Amino acid sequence: MKAFVFPGQGAQFVGMGKDLYDNNPLAKELFEKANDILGYRITDIMFEGTDEDLRQTKVTQPAVFLHSVISALCMGDDFKPAMTAGHSLGEFSALVAAGALSFEDGLRLVYARAMAMQKACEAAPSTMAAIVGLPDDQIEEICGEISREGNVVVPANYNCPGQLVISGNVEAINEACERMKNAGAKRALPLKVGGAFHSPLMQPAKDELQAAIEKTDIQTPKCPVYQNVDGNPHTDPAEIKQNLIAQLTSSVRWTQCVQNMIADGADDFTECGPGKALQGMIARIDREVSAHGIA
């Protein structure tokens with residue numbers, strides 16, 4: 001059974017999508033439509049910009065979304081998902097690919113999300129860190145011991161067994177990294193990100209995005225979409241909407257998404273979009289299934 005998955009922020013690279021634009025009329029049409037919707041030529045930054053330009057949250061998120069969705073839509077008859085899922089930002093790509101969101105509405109929401117998150121990042125110094133080689137429950141326990149009023153650190157991304165990303169204010173992240181290393185973590189590495197995504201520090205962004213999501217029409221998808229907040233399949237538009245709103249301040253339960261997709265019959269995962277990060281995570285979750293990019 002075929003599952004299609006979509007990456008999040010961090011997978012971007014300069015030149016992404018240029019081959020599609022140059023060689024596929026549908027891709028060119030969709031990229032130009034995106035330029036019109038955004039009011040600037042994001043394709044110029046994607047194809048010929050600098051790494052620094054592309055790393056801006058307000059650019060990165062729509063860029064990754066566009067590359068992912070257009071890659072899927074240009075597969076034609078080969079794009080027949082039995083289920084979809086996306087990692088963080090990738091959930092919006094998964095919803096468009098499954099027909100729950102229109103291309104236009106998906107892009108508008110992603111841009112609104114990016115701008116809201118950019119503002120939240122600028123309001124408080126915060127960051128994230130990757131923890132490798134400690135059990136999830138031990139990471140959760142250390143985070144709980146450190147977190148107190150004014151000091152926030154929480155599990156943010158359950159990526160795969162042995163790899164969890166934590167999120168919080170800078171001081172708490174630094175303390176957590178030291179505690180994790182002392183507890184036996186192979187690595188506790190602060191990430192080069194602008195804020196504490198998927199933590200309570202994103203509440204202002206969540207409030208802003210909620211208004212945009214509530215005004216957006218979400219249809220019943222053509223196949224189940226496994227959402228980050230609980231890892232479960234969803235087809236009810238009202239549930240999908242509430243889960244999207246909750247996503248910004250909730251953990252990304254990617255391991256659970258993949259495990260549940262496999263339990264429901266998925267044995268072939270195709271990653272649509274830049275990079276190979278999700279393929280690596282899926283291989284570490286279950287080596288019996290096939291995980292690959294678009295051929």
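1. Which residues does Ala27 touch, not counting residues up to four places away in sequence? In this predicted model, the contacts of Ala27 counted in that way are with Leu20, Tyr21, Ile70 and Cys74. Ala27 itself lies in helix α2, which covers residues 25-38, and its relative accessibility of 0% is why it counts as buried, the cut-off being under 20%.

2. A further relation of Ala27 is with Leu66: the two are 39 residues apart in sequence, while their C-alpha atoms are 9.6 Å apart in space.

3. Turning to helix packing, α5 (residues 57-73) and α6 (residues 90-97) pack with their axes 9 Å apart and at an angle of about 30°, which means that α5 runs roughly parallel to α6, since angles under 35 degrees are classed in that way. The crossing of α5 and α6 is right-handed.

4. In the contact between these helices, α5 contributes Phe65, Ser68 and Val69, which meet Phe92, Ser93 and Val96 of α6. By residue class, the contact of α5 with α6 comprises four nonpolar and two polar residues, with no charged ones.

5. As to the cysteines, a search of the whole structure finds zero disulfides. For Cys143, the closest cysteine sulfur is that of Cys177, and because the two sulfurs are 9.5 Å apart, they are too far from each other for a bond; the cut-off for a disulfide is within 2.5 Å. Cys272 is likewise in no disulfide, the nearest cysteine sulfur, that of Cys74, being 11 Å away.

6. Concerning accessibility, Cys143 counts as buried because its relative accessibility is 2%, and Cys272 counts as buried at 0%.

Notes. Residues are numbered from 1 along each chain as its sequence is written. This is a predicted model: local features need pLDDT of at least 70, side-chain atom pairs count only at pLDDT 80 or more; totals for chains, interfaces and linings use all residues. Side-chain values use heavy atoms; hydrogens and water are left out. Axes are lines fitted to C-alpha atoms, for helices over the stretch in contact, and angles run from 0 to 180 degrees between N-to-C directions. Helices (H or I, at least four residues) and strands (E, at least two) are DSSP runs, numbered from the N terminus. Angles under 35 degrees count as roughly parallel, over 145 as roughly antiparallel, 65 to 115 as roughly perpendicular and the rest as oblique. A crossing is left-handed if the near helix is turned anticlockwise from the far one by less than a right angle, and right-handed if clockwise. Contact means heavy atoms within 4.5 Å. Ala, Val, Leu, Ile, Met, Phe, Trp, Tyr, Cys and Pro count as nonpolar, Asp, Glu, Lys and Arg as charged, and the others, Gly among them, as polar. Buried means under 20% relative accessible area, exposed over 50%, partly exposed in between (1.4 Å probe, protein chains only).
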